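Subject: Structure handover

Hello,

Here is the structure you asked about. My notes on it follow below.

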Amino acid sequence: MTTPFSEILRNATWGDHQSAESEGYLAALMGGRLSEHEYGEMVAQHYFAYVALDGVSRGLADHPVAGSFVFPELYREPSLERDLTTIYGPAWRDRITPSKSTRTLVARIHQVSDWPGGYIAHHYTRYLGDLSGGQFIRMELQKIYGYGTGGGVDFYRFEELGSLPRFKNEYRARLDALDLDERERQRIIGEVKLAYQLNAEVLAELQHVVKTAA
């Protein structure tokens, strides 16, 4: 029996996923040791990453392969704008800048936008994480900062998707339906590993926040 690609991908990159989640900034955030504005440092970096990812998605909506992974209901820009308004106020755009590691991540997202497998790799890395561990992060942040709906943690809310387990199963089914030879499978796995690394570097660069908050 052939192993589904979604399972191969998950198994091949699980260690990278765990590494990305173990950064010190995230531990301090989940431990309630950061101020709201220090939490906003991460939200700001997410904003720049998703401006890039959502923008590439819009451009690939009609692509015969990549288009199967374009879900407008997943776009995060509007929710991140609400979150940043809640955290920093209406002048939030004047308060945020992309870090060096975020600029590197954004550049890579654009660089592979003409390769369906590369786009899918970055889409998978971000969104499957948001739909999984991101839900735990949302619940913890609601307790720490008292956020409700309408801003603060809207980035992690996906009401338009309905059942998250159902959607994730559908997403994995689309991964399994991709017509890939072994070379392309390994190339996508490599890009997912790189995507995890680049996202981990974004969190690592936020370590300066933890040092000032310690």
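A polar contact here is a pair of N or O atoms within 3.5 Å, and within protein one of the two must be able to donate a hydrogen and the other to accept it. By that rule, the side chain of Q135 makes a polar contact with the side chain of R138, at 3.3 Å. Please keep in mind that this is a predicted model.

Q135 belongs to helix α7, which covers residues 133-145. The relative accessible area of Q135 is 12%, so Q135 counts as buried, the cut-off for buried being under 20%. Apart from its neighbours within four places in sequence, Q135 is in contact with D130, Y156, F158 and L164.

Helix α6 comes next. This helix runs over residues 116-131, 16 residues in total. Helix α6 is mostly covered, with 15 of its 16 residues buried.

Then there is the packing of two helices. How far apart are the axes of helix α3 and helix α5, and at what angle do the helices pack? Helix α3 (residues 36-59) and helix α5 (residues 100-111) have axes 9 Å apart and an angle of about 5°. Angles under 35 degrees count as roughly parallel, and α3 and α5 are therefore roughly parallel to each other. On the α3 side the contact involves Q45, F48, A49, A52, L53 and V56, which meet T102, L105, V106, I109 and H110 of α5. Sorted by class, this contact has eight nonpolar residues, three polar ones and no charged ones.

E38 and V210 are 172 residues apart along the chain, while their C-alpha atoms are separated by 8.4 Å. R58 is also found in α3. At 42% relative accessibility, R58 counts as partly exposed. Leaving out neighbours within four places in sequence, R58 is in contact with Y75 and E77, and a polar contact of 2.9 Å joins the side chains of R58 and E77.

Is D154 buried or exposed? D154 is buried, with a relative accessible area of 5%. This residue sits in the loop between α7 and α8 (164-176). Not counting residues up to four places away in sequence, D154 touches R76, S79, R82, D83, G148 and T149. Of these, S79 is 75 residues from D154 in sequence and 5.2 Å from it in space, C-alpha to C-alpha. A polar atom of the D154 side chain also lies 3.2 Å from the backbone nitrogen of G151.

Last, W14 is found in helix α1, residues 5-21. W14 counts as partly exposed, at 36% relative accessibility. The C-alpha atoms of W14 and Y75 are separated by 25 Å, and the two residues are 61 residues apart along the chain.

Regards

Terms used: Residues are numbered from 1 along each chain as its sequence is written. This is a predicted model: local features need pLDDT of at least 70, side-chain atom pairs count only at pLDDT 80 or more; totals for chains, interfaces and linings use all residues. Side-chain values use heavy atoms; hydrogens and water are left out. Helices (H or I, at least four residues) and strands (E, at least two) are DSSP runs, numbered from the N terminus. The expected span of a helix is 1.5 Å times one less than its number of residues. Buried means under 20% relative accessible area, exposed over 50%, partly exposed in between (1.4 Å probe, protein chains only). Axes are lines fitted to C-alpha atoms, for helices over the stretch in contact, and angles run from 0 to 180 degrees between N-to-C directions. Angles under 35 degrees count as roughly parallel, over 145 as roughly antiparallel, 65 to 115 as roughly perpendicular and the rest as oblique. Contact means heavy atoms within 4.5 Å. Ala, Val, Leu, Ile, Met, Phe, Trp, Tyr, Cys and Pro count as nonpolar, Asp, Glu, Lys and Arg as charged, and the others, Gly among them, as polar.
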